[in-house]
Amino acid sequence: MNPAEIKRLRTQSVLKQIIPEAFATLGDDMLKGLCVTDVECKKGRYDAFVYLDKMFYDEKEQSYILNHLKKASKIIQNYCLEDQGWFRAPQLHFKFDDRLEYQNHMDDLFDKISKELNKNG
């Protein structure tokens, strides 16, 4: 691993810890309870994709949350800057994490295949 890769991974780890703290400082109760599942920084660390757990939210609530996070992204970036003493924070892009649903779907497919193989022989 090269030094740039290590810095990127360190930034991802720090953001994964700091962003929920920043959510807690916001005035909206729905935003305070958000769970960050993962943070993925792009190579230059100019952009960071923040993945949120969508387990307890329906489509309408998810839309509400994403709209409000888009408006509050500068506040969250400033919180990260002040907390870490960084010169610059990455531009934050919020998404709901559907990787768990995808993984569950794949597990179901493998279970069906396994049952068919056992049934046929």
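Guide: Helices are DSSP runs of H or I with at least four residues, strands are runs of E with at least two, and both are numbered from the N terminus. This is a predicted model, in which local features need pLDDT of at least 70, side-chain atom pairs count only at pLDDT 80 or more, and totals for chains, interfaces and linings use all residues.

Visitor: Is threonine 11 buried or exposed?
Guide: Threonine 11 has its place in helix α1. Buried means under 20% relative accessible area, exposed means over 50%, and partly exposed lies in between, with a 1.4 Å probe and protein chains only. Threonine 11 has 8% relative accessibility, so the residue counts as buried.

Visitor: Which residues does threonine 11 touch, not counting residues up to four places away in sequence?
Guide: Contact means heavy atoms within 4.5 Å. With residues up to four places away in sequence not counted, threonine 11 touches Cys41, Arg45 and Trp86.

Visitor: Threonine 11 is one of the residues that line the largest pocket; which residues make up that lining?
Guide: A pocket is found on a 1 Å grid over the protein atoms alone, as an open set of points where a 1.4 Å probe fits, with protein on both sides within 12 Å along at least five of seven lines; lining residues have an atom within 4 Å of a point. By this rule the lining consists of Lys7, Arg10, Thr11, Val14, Gly44, Arg45, Trp86, Arg88, Ala89 and Pro90.

Visitor: How many residues of each class are in the lining of the largest pocket?
Guide: Ala, Val, Leu, Ile, Met, Phe, Trp, Tyr, Cys and Pro count as nonpolar, Asp, Glu, Lys and Arg as charged, and the others, including Gly, as polar. Sorted this way, the lining has 4 nonpolar, 2 polar and 4 charged residues.

Visitor: How many aromatic pairs are there?
Guide: Rings of Phe, Tyr and Trp (its six-membered ring) pair if their centres lie within 6.5 Å; planes under 30 degrees apart count as stacked, over 60 as edge-to-face and the rest as tilted. Under this rule the number of aromatic pairs is 2.

Visitor: How far apart in sequence are the parts that phenylalanine 23 and phenylalanine 94 tie together?
Guide: Phenylalanine 23 and phenylalanine 94 form a tilted pair, at 6.1 Å centre to centre and 45° between the planes. Phenylalanine 23 is in helix α1 (residues 3–25) and phenylalanine 94 in strand β3 (residues 91–97), so the parts tied together are apart in sequence by 71 residues.

Visitor: Is the pair of tyrosine 57 and phenylalanine 96 stacked or tilted?
Guide: Tyrosine 57 lies in the loop between β2 (47–53) and α3 (59–84), and phenylalanine 96 in strand β3. Tyrosine 57 is buried at a relative accessible area of 18%, and phenylalanine 96 is buried at 11% relative accessibility. The ring centres are 6.4 Å apart and the planes stand at 55°, so the pair is tilted.

Visitor: How far apart are the C-alpha atoms of tyrosine 51 and valine 39?
Guide: Tyrosine 51 is in strand β2 and counts as buried at 13% relative accessibility. Along the chain, tyrosine 51 and valine 39 are 12 residues apart, and their C-alpha atoms are separated by 6.1 Å.

Visitor: Is lysine 70 buried or exposed?
Guide: Lysine 54, in the loop between β2 and α3, is buried with a relative accessible area of 16%. Lysine 70 lies in helix α3. At 67% relative accessibility, lysine 70 counts as exposed.

Technical notes:
Residues are numbered from 1 along each chain as its sequence is written. Side-chain values use heavy atoms; hydrogens and water are left out.
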